[in-house]
Amino acid sequence: MKSVREVALELLEKVGTSQSYSNLALNQAIDSAQLSTTDVRLLTELVYGTLQNELLLDFSLRPFLGKKKLQPWVRILLRMSAYQMIQLDRIPDHAVIHEAVTIAKKRGHKGIAGLVNGVLRSAQRKGWPSVTEIEAMDERLSIVYSHPRWLVQRWIELWGEEATEQMLQQNNTPPASTARVNTTKVTREALLNTWNETASISPGVLAEEAVVIPGHIASLNAYEDGRLTIQDESSMLVAHALNLDRGLTVLDACAAPGGKTTHIAERMQDEGTIHALDLHRHKVRLIDQQAKRLQLTSIHARECDARQAEKLFAPESFQRILVDAPCTGFGVIRRKPEIKWSKSRADSQALARVQLDILSAVAPLLAPGGTIVYSTCTIEPEENQDVVTRFLQTHPEFLRDDTFKSRMPAALPEEAWTHEGDIQLLPHLAGTDGFYLTALRKKGS
């Protein structure tokens with residue numbers, strides 16, 4: 001049987017070599033490894049802590065490695081061990097080193113075990129290097145919070161030094177474990193009053209359907225029987241922005257894995273029609289699975305590039321359209337730390353073109369007087385405000401929905417509202433994911 005640290009090492013290798021998202025890989029590992037609650041907490045800590053602090057850990061290990069060439073798994077093992085020794089007070093150094101050497105012997109040979117033992121014992125004896133001597137502020141923030149230097153510089157340029165450091169801190173903080181109550185089955189108040197599962201539960205901060213439940217929500221009976229869906233509160237705002245009512249016909253143009261699609265159905269009490277599109281067939285299946293689990297019948301999912309949606313639907317077929325566009329994901333770095341290393345400025349520029357193409361392609365499908373909501377989970381203006389501005393410049397039949405703010409939660413921080421009347425939630429403002437959201441109305445009755 002594998003130890004928790006062996007499982008963590010394999011998971012970190014998988015994230016590094018196969019471009020797997022850490023949150024999905026972690027959930028799969030938890031489901032298949034049959035770990036205790038305590039081990040699940042340790043596994044989550046090791047995986048996220050190592051990924052979130054990768055640059056700091058490499059900086060810390062550098063004096064003890066010299067020019068040694070390491071196999072990828074050995075470097076990951078050293079990072080994971082250094083993370084425990086530097087950041088976790090409750091695990092003694094000797095226990096960390098013993099476990100690392102045991103894994104090195106099991107996976108490699110005596111030579112690798114000796115190297116791992118020598119590096120970690122040298123660090124224990126001499127002490128880890130300090131970051132305070134790094135003079136350049138952007139370089140120091142980059143290493144302390146383990147973000148690429150170009151991204152730190154970009155955020156300082158956009159948001160200022162104070163907000164940037166707060167976002168960097170937030171990105172290295174474990175996210176709250178939030179879920180959405182399926183209001184076709186139960187109200188939040190009723191769920192709170194009758195909750196009898198092992199984990200504690202409390203109301204969310206922003207959305208009226210949100211609850212906070214520490215632990216592995218997917219293992220709860222309330223999740224299994226469709227009373228809950230795992231979702232960050234920022235994502236829950238989307239269905240509110242659409243101004244939904246029973247009986248509407250709605251297009252969710254980029255729908256997988258279906259979290260927002262199913263929320264739309266719940267807000268409509270499953271009365272109406274929701275067409276949910278996604279580019280990939282295997283992701284369409286995820287939408288169907290979520291709809292089935294939640295027992296929602298108004299959702300019709302199909303494989304389609306949103307830019308080709310006009311081939312499926314007649315003009316002005318929909319009263320509401322959601323474009324939750326593909327994006328760099330810089331707002332969800334705390335959930336997917338690997339994003340900060342895999343995405344670049346060029347990705348933002350390329351995605352902005354795709355985002356505008358999608359908006360332009362679905363615009364003719366909206367009926368006069370209808371609402372289109374555009375959202376992303378990034379904080380890059382190039383993919384948010386700039387896309388919407390360019391869309392409005394070329395589509396004079398649309399304007400910003402002046403009722404948008406009235407249907408958003410009053411608890412939303414005022415700083416989240418832009419001068420244009422859009423929402424740009426930065427990660428540190430409300431403890432949510434970073435998220436952009438706006439509502440546009442098509443002129444006419």
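Which residue stands opposite Arg180 in E4? Select strand E1 (residues 178-181) and then strand E4 (residues 228-230): Arg180 stands opposite Thr229. Strands (E, at least two residues) and helices (H or I, at least four) are DSSP runs, numbered from the N terminus.

This is a predicted model, in which local features need pLDDT of at least 70 and side-chain atom pairs count only at pLDDT 80 or more, while totals for chains, interfaces and linings use all residues. Residues are numbered from 1 along each chain as its sequence is written, and side-chain values use heavy atoms, with hydrogens and water left out.

**Strand E1 and its partners**

Remain at E1, which pairs with E4 in the antiparallel sense over three bridges; pairing requires that DSSP find at least two bridges between two strands. Buried means under 20% relative accessible area, exposed over 50%, and partly exposed in between (1.4 Å probe, protein chains only).

**Helix H13**

Proceed to helix H13 (residues 233-241), where nine of nine residues are buried. Among them are Glu233, Met236, Leu237 and His240. Just after H13, select Asn243, which takes a positive phi of about 55°.

**Around helix H14**

Select Pro257, in the loop between strand E5 (249-252) and H14. The peptide bond from Ala256 to Pro257 is cis, with omega near 5°. Continue into H14 (residues 259-267) and stop at Thr261. Thr261 counts as buried because its relative accessibility is 0%. Its side chain is joined to that of Asp252 by a polar contact of 2.6 Å. A polar contact is a pair of N or O atoms within 3.5 Å; within protein, one must be able to donate a hydrogen and the other to accept it, and residues adjacent in sequence count only if both atoms are side-chain atoms. Beyond its neighbours within four places in sequence, Thr261 is in contact (heavy atoms within 4.5 Å) with Asp252, Ala255, Ile274, Ala276 and Ile299.

Gln269 has a positive phi of about 55° although it is not a glycine. Asp270 is found in the loop between H14 and E6, and has a positive phi of about 60°. Most residues other than glycine have a negative phi, and most peptide bonds are trans. Gln269 counts as partly exposed because its relative accessibility is 27%, whereas Asp270 is buried at 18%.

**The nonpolar cores**

A nonpolar core is a set of buried Ala, Val, Leu, Ile, Met, Phe, Trp, Tyr and Cys residues joined through side-chain atoms within 4.5 Å. In the largest one, of 47 residues, select Leu43, Val47, Leu77, Leu78 and Val116, which touch the most other members. Helices H1 to H7 each supply at least two residues of this core, and H5 gives the most, with nine residues. Centre on Val116 to find Val74, Leu77, Leu78, Ala100, Val101 and Ala104 touching it, not counting residues up to four places away in sequence. Apart from this core lies another, of 32 residues, including Leu248, Ile274, Leu294 and Trp417.

Select Ala325, in the loop between strand E8 (318-324) and helix H16 (339-342). Leaving aside neighbours within four places in sequence, Ala325 is in contact with Gln355, Tyr374, Ser375 and Thr376.
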